[in-house]
Amino acid sequence: MSDIVVRRLLIDLDTPPERHWCSGDAFRTAWFNALSMSFPSGEQFFIDAVRAGVQALPEAERVRFEPAIKGFIGQEATHRRIHALFNAHLARQGLVNHWEARALRRTQALEGADPRIAVGATAATEHMTAILAEYLLGEPAALQGAEPRLATLWLWHASEETEHRATAFDLYRAMGGNEEWRLRLFRLVTWHFVSDSLRQTVNNLWHDGSFWRWRTWADGARFLFGRRGLVRSMAPPWRHYRRADFHPQQHDGSRAASWLRDHATSFEVVSRPMQASPAGASA
């Protein structure tokens, strides 16, 4: 488990964004806005899941996981706050967040369940966000022409998702989570992630008046299904999660590390978690 640094993003989130802030592209804007709508409640679920999960471990294992868990929570809490600020602008534009309500109902249904389920669902979702992060960091066209401050927001978030992509996965394994449930939860998370993101994107387009425009759907088809589109790019790394020997650190994190190094003036470091003691270190 790598050391996870907590950072404060230094961008202006007081100024309202343009309605179609992503290069005037209604579909891409609506899709990114939809993802942002999911983050505050989603990040809180992840935080609660790993907090409960690490408490279920034997003491020696808790000590080993403590630095990574603290860093994970610190990063996710920061993402939650930043996206809540951004989402407030979306609400003032007349967009309605339906994704959050659906996610909260699913979260409530897990109350009292085995904590491994929430951690397994977190690990599966973290894989989805990590491979999305790889796409954003490796495909400049995804955010081409976006408001610079918002492009910075998304690439900072993507880089940090890459940093902590293995935390929940490792915790699930340490808790004794089995392969059958790992894959079952991944299928369920994939279904909800894809269906919720598309439903919220369509709803955003409806509310901003772009739903009936031919260009909206032409741009959307190119973004999703083009030669270097989202679906084609994410399909191979999505399948990797289903392998018995999968581990998140198998995916290259160099683009995230490079972005954070090259854009150090866009954030300030809040904390660097203390390393685990030698007694708690793994062999």
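Q: Where is Glu147 placed in the chain of helices?
A: Glu147 sits in the loop between helix H4 (115–138) and helix H5 (148–163). Helices are DSSP runs of H or I with at least four residues, strands are runs of E with at least two, and both are numbered from the N terminus. This is a predicted model, in which local features need pLDDT of at least 70 and side-chain atom pairs count only at pLDDT 80 or more, while totals for chains, interfaces and linings use all residues. Residues are numbered from 1 along each chain as its sequence is written, and side-chain values use heavy atoms, with hydrogens and water left out.

Q: Why is Glu147 called buried?
A: Its relative accessible area is 16%. The word buried means under 20%, exposed means over 50%, and partly exposed covers what is in between (1.4 Å probe, protein chains only). Since 16% falls under 20%, Glu147 counts as buried.

Q: Which residues does Glu147 contact, leaving aside its neighbours within four places in sequence?
A: They are Pro17, Glu18 and Trp21. Contact means heavy atoms within 4.5 Å.

Q: Which residues have the most contacts inside the largest nonpolar core?
A: Trp21, Trp154 and Leu171 do, in a core of 72 residues. Helix H1 (residues 26–55) brings the largest share of this core, 15 residues. A nonpolar core is a set of buried Ala, Val, Leu, Ile, Met, Phe, Trp, Tyr and Cys residues joined through side-chain atoms within 4.5 Å. Trp154, leaving aside its neighbours within four places in sequence, is in contact with residues including Trp21, Phe32, Phe39 and Leu136.

Q: What makes helix H6 (residues 167–174) mostly covered?
A: Six of the eight residues of H6 are buried. They are Thr167, Ala168, Phe169, Asp170, Leu171 and Tyr172. These buried residues pack against H1, helix H2 (59–92), H4 and H7. Just after H6, Gly176 takes a positive phi of about 90 degrees.

Q: Why do Ala52 and Ser258 count as partly exposed?
A: Ala52 has a relative accessible area of 40%, and Ser258 has 25%, so each is in between the limits for buried and exposed. Ala52 lies in H1, while Ser258 is in helix H10 (residues 254–262). The C-alpha atoms of Ser258 and Ser159, 99 residues apart along the chain, are separated by 9.0 Å.

Q: What makes a space a pocket or a cavity?
A: On a 1 Å grid over the protein atoms alone, a cavity is a set of points where a 1.4 Å probe fits but cannot get out, and a pocket is an open set with protein on both sides within 12 Å along at least five of seven lines; lining residues have an atom within 4 Å of a point. Grid points are joined across faces, edges and corners, and a volume is the space filled by probe spheres set on the points.

Q: How much space lies in the largest pocket, and which residues are closest to its centre?
A: About 570 Å³ lies in the largest pocket. Of its 27 lining residues, Phe45, Phe46, Arg106, Thr125 and Val189 are the closest to the centre. H1 gives the most to this lining, with seven residues.

Q: How many cavities of 30 Å³ or more are found, and what lines the largest cavity?
A: A search of the whole structure finds four. The largest cavity has a volume of about 70 Å³, and its lining includes Phe39, Leu136, Trp154 and Glu161. H4 and H5 each supply at least two residues of that lining.
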